[in-house]
Each structure stands twice: as C-alpha cells, then as structure tokens.
Amino acid sequence: MNVTQIKHLTFAVRDAAQTLDRYKRLLGAPESAFVKEFAKSRTRASVFMLGGVEFQISESMDADGRFAAWIDQRGREGLHHICFAVEDIDAALAEAQEAGASLKPCVACKVTGSHAHPEGWVAFLEDEVSGIEIEFMQVYKEGETAERAQGV
C-alpha cells in the first residue's frame with residue numbers, strides 16, 4: 001500500500017461548536033478555528049490542525065444525516081473515519097480490492113470509487129478497521145485543482 005501520511009481524522013459529534021470549544025480549552029486547538037456549514041454534505045464542521053494532524057469535527061445538519069446515523073448506530077460520538085493520503089489512488093484501491101475490500105459511495109457526491117474533491121481525488125472503502133471507516137485521498141500536486149481534475 002502506498003500510504004504516505006494521515007491526511008485527516010474525522011470525528012462524528014452531536015454539536016460541533018461545543019466540541020470545538022472543548023478542543024480549544026483542553027487540547028490547545030487554534031483559537032481561530034470555527035464551525036462552518038457545508039450545504040452539499042449537510043454538515044457543520046470545524047477543520048483545524050493540531051499536533052501536525054488535520055482534525056475535522058463533523059455534525060450532521062439533519063437528524064438522519066451521515067454523522068447522526070453513525071452516532072445513533074454506535075450509541076456514542078467518536079472517530080468516524082481516517083483519511084489516508086496515497087501517492088496513487090487507483091493503485092491503492094486496486095490493492096485494497098485485491099485484498100478483499102469493497103468500495104462504497106461518497107455520501108456527499110454519490111460516486112463510488114476515485115473522484116475529484118476540493119483537495120484531491122478521494123474514495124471510500126465499505127470495509128472498516130476496528131469500527132473506523134477508511135478514506136483514501138491522492139492529494140492534488142501543486143497547480144492541480146478540482147476543476148482541472150474533472151477534465152482528466
């Protein structure tokens with residue numbers, strides 16, 4: 001597998017603002033961090049760096065949304081998924097599938113397999129590891145953008 005780093009950790013929470021406040025008070029998350037609404041994915045989220053890792057604190061805007069359903073299913077808030085940066089997303093997906101993994105649709109885009117997102121090409125596995133969802137991202141290289149990637 002050509003994993004190069006953890007791109008981000010996403011946590012499913014009931015109240016993103018309240019959780020962000022705890023990260024600021026207890027863990028030193030940046031005071032500049034704030035909660036933003038993402039209409040396409042129907043999510044409220046705060047994205048910030050802490051200890052060299054990108055954290056995403058995510059709350060569903062709908063009672064049956066992605067993160068709310070995950071919390072309801074497990075009965076707790078927690079680590080929802082880990083996004084692993086890879087050099088070559090197609091090779092990573094092929095290797096995962098050869099090992100028995102299945103792909104699942106991106107909740108926001110309804111696309112299964114590698115597709116363009118704002119930061120890079122992404123794909124999600126149906127399979128979990130220790131109850132944690134897995135995302136792969138091939139981060140755009142300098143000069144690449146989601147618009148340019150759409151034409152590839």
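Helices here are DSSP runs of H or I at least four residues long, strands are E runs of at least two, and both are numbered from the N terminus. Just after α3, G100 takes a positive phi of about 105 degrees. The model is a predicted one, so to speak of local features a pLDDT of at least 70 is needed, side-chain atom pairs count only at pLDDT 80 or more, and totals for chains, interfaces and linings use all residues. Residues are numbered from 1 along each chain as its sequence is written, and side-chain values use heavy atoms, with hydrogens and water left out.

Helix α3 covers residues 89–98, and I89, A92, L93 and A96 are buried in it (buried is under 20% relative accessible area, exposed is over 50%, and partly exposed is in between, with a 1.4 Å probe and protein chains only). Looking down the axis of α3, these buried residues fall within an arc of 95 degrees, so they line one face of the helix; the arc is taken from the directions from the helix axis to the C-beta atoms. An α-helix has 3.6 residues a turn, so residues three or four places apart point the same way. On the other side of α3, D90 and E98 are exposed. The buried residues of α3 pack against β5, β6, β8 and β9, where a contact means heavy atoms within 4.5 Å. At the start of the helix, a side-chain oxygen of D88 comes to within 3.0 Å of the backbone nitrogen of D90.

Just after α2, G75 has a positive phi of about 75 degrees.

K110, with phi near 65 degrees, sits in the loop between β6 (103–104) and β7 (115–116), and K110 counts as exposed because its relative accessibility is 64%. S130 has a phi of about 55 degrees and lies in the loop between β8 (120–129) and β9 (132–139). At 74% relative accessibility, S130 counts as exposed.

Next comes the inside. A nonpolar core is a set of buried Ala, Val, Leu, Ile, Met, Phe, Trp, Tyr and Cys residues joined through side-chain atoms within 4.5 Å. The largest one has 28 residues, and Y23, F48 and F136 touch the most other members. Its largest share, four residues, comes from α3. Leaving out residues up to four places away in sequence, F48 touches L20, Y23, A29, P30, A33, V53, E54, F55 and I57. A second, separate core of five residues includes C83, C106, F124 and M137.

Finally, there is open space to consider. On a 1 Å grid over the protein atoms alone, a pocket is an open set of points with protein on both sides within 12 Å along at least five of seven lines, and lining residues have an atom within 4 Å of a point. The largest pocket is lined by 26 residues, with F38, S41, Q56, A108 and H117 lying nearest its centre.

Conventions
A polar contact is a pair of N or O atoms within 3.5 Å; within protein, one must be able to donate a hydrogen and the other to accept it, and residues adjacent in sequence count only if both atoms are side-chain atoms. On a 1 Å grid over the protein atoms alone, a cavity is a set of points where a 1.4 Å probe fits but cannot get out, and a pocket is an open set with protein on both sides within 12 Å along at least five of seven lines; lining residues have an atom within 4 Å of a point.
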